[in-house]
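Here is a short report on one protein chain. Look over the sequence and the fold before reading on.

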Amino acid sequence: MTTLLPTRPIALRRKTARSPRRRAPRWLLVAAEVAVPLLLLAAWWIASANSTNTFFPPLQVILERLVALSQTPQFAVNVGSSLLNLVISFALASVIGVVLGSLLGLIRPLAWFVEPTLHFFRAIPPVALVPIFVSLIGFGNETRILSITLAALFPTLIAAIDGVRAVDPITNMVTRVYGIPAWQRFWQVVLPAASPRVFSGMQVSLQVAFIVMIASEMLGSSTGLGAATLLAQQSFAIADMWAGILLLGVIGYASSALFALLRRRVLRWYIASQQMGKDS
């Protein structure tokens, strides 16, 4: 006679036999993020220390010029102009993208008419829009803000459309059964569910806005970091040019880091749920 002993399922045995996944400490990740740029700067310093190439000056000279330029009044004007254009354009692109994307995601007939045109303009390189607006409007600051906004609009817009459409239909059905008003469903159900994709699109929009900001300042502008860097290159002030490039890299990295921190704070519930799914 065969005796049947109670055994655990194979999948359960594999799951319990698996060793717990260890995550790297937070301080170690932060230390690595700080150490890599410092190591690159150290390598740059050593490689360029004895450079006699006019177009590749020593890093020490570049940093000295950056400090000297930071003490001039024009430096504050250039940095302030670039940052102001970036913030205004990114804010406009985010608001318009979320609002319009939510409408297109909720109203399917409207999306059928509008989406082909959106995808056509999305395929145009963002930098190619700059000379068009300069020709139509001129070289004013409004031209730069408009070109940056339209270039940065599409990643957030497409992400908002996809995020709204990806909301669980059962959740929408339950909210309708309980008689929750449409505006309340949107603010408390649809928008929070779509927010992870929306923030991913906004992160891409920030990068696009930063690139187009530099390009727009290099074309027919007398203020801004892009214009100052281009002027230094045309004047053969190579150390000033490298200082502008280095400063643009620092600003671009800082803006991305600040947005990542904001995204992590707003989407704490989503990141926690994803982590629980990985640990289970």
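## Confidence

Over which residues does pLDDT stay under 50? That stretch is residues 1-17. The model has three contacts beyond four places in sequence for it. Where pLDDT is low, the predicted coordinates should not be read in detail.

This is a predicted model. Mean pLDDT for the protein chain is 84, and 90% of its residues reach 70 or more. Among the elements of the chain, helix H4 has the highest mean pLDDT, 94. Helix H1 (residues 10-17) has the lowest, at 45.

## Nonpolar cores

The largest nonpolar core holds 39 residues. Phe210 and Leu247 touch the most other members. Six helices each supply at least two residues of this core: H3 (59-70), H4 (73-106), H6 (129-137), H7 (141-165), H9 (182-218) and H11 (238-266). H9 gives the most, with 13 residues.

Leu247 touches Leu66, Phe75, Val79 and Leu225, leaving aside residues up to four places away in sequence. A second core is separate and has six residues. Among them are Ala111, Leu118, Leu157 and Ile161.

## Annotated transmembrane regions

An unreviewed UniProt entry carries the annotation "transmembrane region" for residues 27-47, 83-107, 119-139, 145-164, 208-230 and 242-262.

Two of these spans can be checked against the model. Residues 83-107 are 96% helix and 0% strand, with end C-alpha atoms 36 Å apart. Residues 119-139 are 62% helix and 0% strand. The end C-alpha atoms of residues 119-139 lie 28 Å apart.

Notes: Residues are numbered from 1 along each chain as its sequence is written. This is a predicted model: local features need pLDDT of at least 70, side-chain atom pairs count only at pLDDT 80 or more; totals for chains, interfaces and linings use all residues. Side-chain values use heavy atoms; hydrogens and water are left out. A nonpolar core is a set of buried Ala, Val, Leu, Ile, Met, Phe, Trp, Tyr and Cys residues joined through side-chain atoms within 4.5 Å. Buried means under 20% relative accessible area, exposed over 50%, partly exposed in between (1.4 Å probe, protein chains only). Helices (H or I, at least four residues) and strands (E, at least two) are DSSP runs, numbered from the N terminus. Contact means heavy atoms within 4.5 Å. UniProt positions are given in the numbering used here, feature names are shortened, and annotations may be inferred rather than shown by experiment. pLDDT is the predictor's confidence in each residue, from 0 to 100.
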